[in-house]
Amino acid sequence: GLGLTRAQTSWVATGQQRDMGDYDDEDEEGVPGIGTYEGARDPNTQERHGRGRAELKNGDVYEGEYEHGKRHGQGIYRFKNKSRYEGQYVENKKHGKGTFWYPDGSIYDGTWAADVPDGKGTYTYPNGDTYEGDWVGGLKEGQGVYTYEQTGVKYIGEWKAGKMEGQGSYLFDGHKYVGTYTEDQPLGDGKFIFNHGAEQEGRFVVRSSEDADAALKAKWVGGAVIIGNAEQQQQQN
């Protein structure tokens, strides 16, 4: 039959993204005992200006371009915890194109603004999952694709504040689900579309729970399964 299995209506949690604010570059300006610097300086002001290498007091190392005493242009910043950023800077902040390697093995490659991912970029999780799409203020927001490495399942659609939110599609092996999403899971009207041509419309509804603090859970209430011009009435409770 065409009854939907639990696997077809269950939703896998996305990987946990690193807090992008965990790894702020050290401010070299106006800090007593700032470490050592070797490189070009402005002949008039003696500010760091041009290419140089700084070893900061906290153990971080920056090698790259400076402008008027600030990291500005292309550079490599190595954190003492083995994290690394390679890319563009504007006035001491990661801004423009750049790649960040985190100590847990995750990687962000894309555009930055004011020290956080902003624009287009790809985040690869330690387990191999990937998110490719829009970012706003360090969070997934806009249009994006999340791919689960282990299963090959993909979510393609809208995101808000780091979560699946709005219109989207889950692509499984042999079928897909198209509908609306809230808080990382489908909720409301949607449709299962099978590769062999069958479709089932319905909606995900919230299960009642006595625990007000419990995570949101939804169940699929399906309508008729349409196969060409024929219909096979099936309910998924």
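I began with the aromatic pairs and found 33 of them in the structure. For my notes, rings of Phe, Tyr and Trp (its six-membered ring) pair if their centres lie within 6.5 Å; planes under 30 degrees apart are stacked, over 60 edge-to-face, and the rest tilted.

I looked up Tyr-148 and Tyr-170: their ring centres are 6.2 Å apart and the planes meet at 15°, so this pair is stacked. Tyr-148 lies in the loop between strand 10 (139–147) and strand 11 (154–160), while Tyr-170 belongs to strand 12 (residues 163–171), so the pair links parts of the chain 22 residues apart (strands are DSSP runs of E, at least two residues, numbered from the N terminus).

Next I checked burial (under 20% relative accessible area is buried, over 50% exposed, in between partly exposed; 1.4 Å probe, protein chains only). Tyr-148 is buried at 5%, and Tyr-170 is buried at 1%.

I then followed Tyr-170 to Phe-172: the centres are 5.5 Å apart and the planes at 20°, so these rings are stacked too. Phe-172 is buried, at 18%.

A reminder to myself: the model is predicted, local features need pLDDT of at least 70, side-chain atom pairs count only at pLDDT 80 or more, and totals for chains, interfaces and linings use all residues. Residues are numbered from 1 along each chain as its sequence is written, and side-chain values use heavy atoms, leaving out hydrogens and water.

Terms used. Helix = DSSP H or I, 4+ residues; strand = E, 2+ residues; numbered from the N terminus.
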